[in-house]
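Subject: Structure handover and notes

Hello,

Please find the structure below, with the sequence beside it. My notes on what was found follow it.

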Amino acid sequence: MDDYGSAFEFRNANRPNEINYLRWSISNKEEYYKPSKKGFMINYRVQNIEAMVDNLKKNGVTVLDSITSYPYGKFVHLLDPEGNKIELWEPIDSFLTEMGGPTTK
């Protein structure tokens with residue numbers, strides 16, 4: 001565990017020498033989950049976030065913000081048909097590997 005929860009390390013099935021990551025975290029920052037009325041948010045790892053967001057918009061999905069880039073990946077938020085907030089993350093796993101730190105394997 002670290003300040004942001006727990007990072008889970010796994011191997012890429014197509015590139016077994018590559019380490020990939022998932023993160024489980026909790027937060028009591030209700031503001032972070034708005035406009036959803038739920039106290040949680042699902043995060044999905046995606047590839048080519050720009051094309052995915054374009055396709056989602058074309059299909060009427062509510063995209064809440066613009067894609068934001070960080071050294072460790074890109075993020076964007078949507079609402080599902082029931083009003084639950086969803087986060088899409090296109091990670092840069094190599095950055096996370098270089099950063100180091102504890103992981104759950």
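Y44 lies in strand β3; helices (H or I, at least four residues) and strands (E, at least two) are DSSP runs, numbered from the N terminus. This is a predicted model, where local features need pLDDT of at least 70, side-chain atom pairs count only at pLDDT 80 or more, and totals for chains, interfaces and linings use all residues. Residues are numbered from 1 along each chain as its sequence is written, and side-chain values use heavy atoms, with hydrogens and water left out.

Y44 and its surroundings

Y44 counts as partly exposed because its relative accessibility is 45%. Buried means under 20% relative accessible area, exposed means over 50%, and partly exposed is in between (1.4 Å probe, protein chains only). Leaving aside neighbours within four places in sequence, Y44 is in contact with I86, E87, L88 and W89, where contact means heavy atoms within 4.5 Å. The C-alpha atoms of Y44 and L22 are separated by 9.0 Å, with the two residues 22 apart along the chain.

Strand β6 and its partners

Strand β6 covers residues 73-79, and six of its seven residues are buried. Two strands pair if DSSP finds at least two bridges between them. With strand β7 (residues 85-91), β6 runs antiparallel and is joined by seven bridges; one of the bridge pairs is F75 with W89 in β7. The hairpin of β6 and β7 has five residues between the strands, and there G83 takes a positive phi near 85°.

Strand β5 (residues 68-70) is also antiparallel to β6, with three bridges, and S69 has K74 in β6 as its bridge partner. Strand β4 (residues 62-63) pairs with β6 in the antiparallel sense over two bridges, and T62 is bridged to L79 in β6.

N20

Is N20 buried or exposed? N20 is buried because its relative accessibility is 3%. N20 sits in strand β2 (residues 19-24). The side chain of N20 makes polar contacts with two side chains: that of N12 at 3.2 Å and that of D93 at 2.9 Å. A polar contact is a pair of N or O atoms within 3.5 Å; within protein, one must be able to donate a hydrogen and the other to accept it, and residues adjacent in sequence count only if both atoms are side-chain atoms. Beyond four places in sequence, the residues in contact with N20 are F8, E9, F10, N12, R45 and D93.

A nonpolar surface patch

F8, F10, L22, W24 and I26 make a nonpolar surface patch of about 510 Å². The elements that give two or more residues to this patch are β1 (6-11) and β2. Like charges are joined within 9 Å, and nonpolar side chains (Val, Leu, Ile, Met, Phe, Trp, Tyr) within 5 Å. Accessible areas come from the Shrake-Rupley method with a 1.4 Å probe; for residues, only the protein chains shown count as cover. I26 lies in the loop between β2 and β3 (42-45).

Backbone details

Most residues other than glycine have a negative phi, and most peptide bonds are trans. N48 is not a glycine but has a positive phi of about 50°. A cis peptide bond joins K34 and P35, with omega about 15°.

Regards

Notes:
Patches are made of residues with over 30% relative accessible area and no salt bridge: like charges are joined within 9 Å, nonpolar side chains (Val, Leu, Ile, Met, Phe, Trp, Tyr) within 5 Å. A salt bridge is a side-chain nitrogen of Lys or Arg within 4 Å of a carboxyl oxygen of Asp or Glu.
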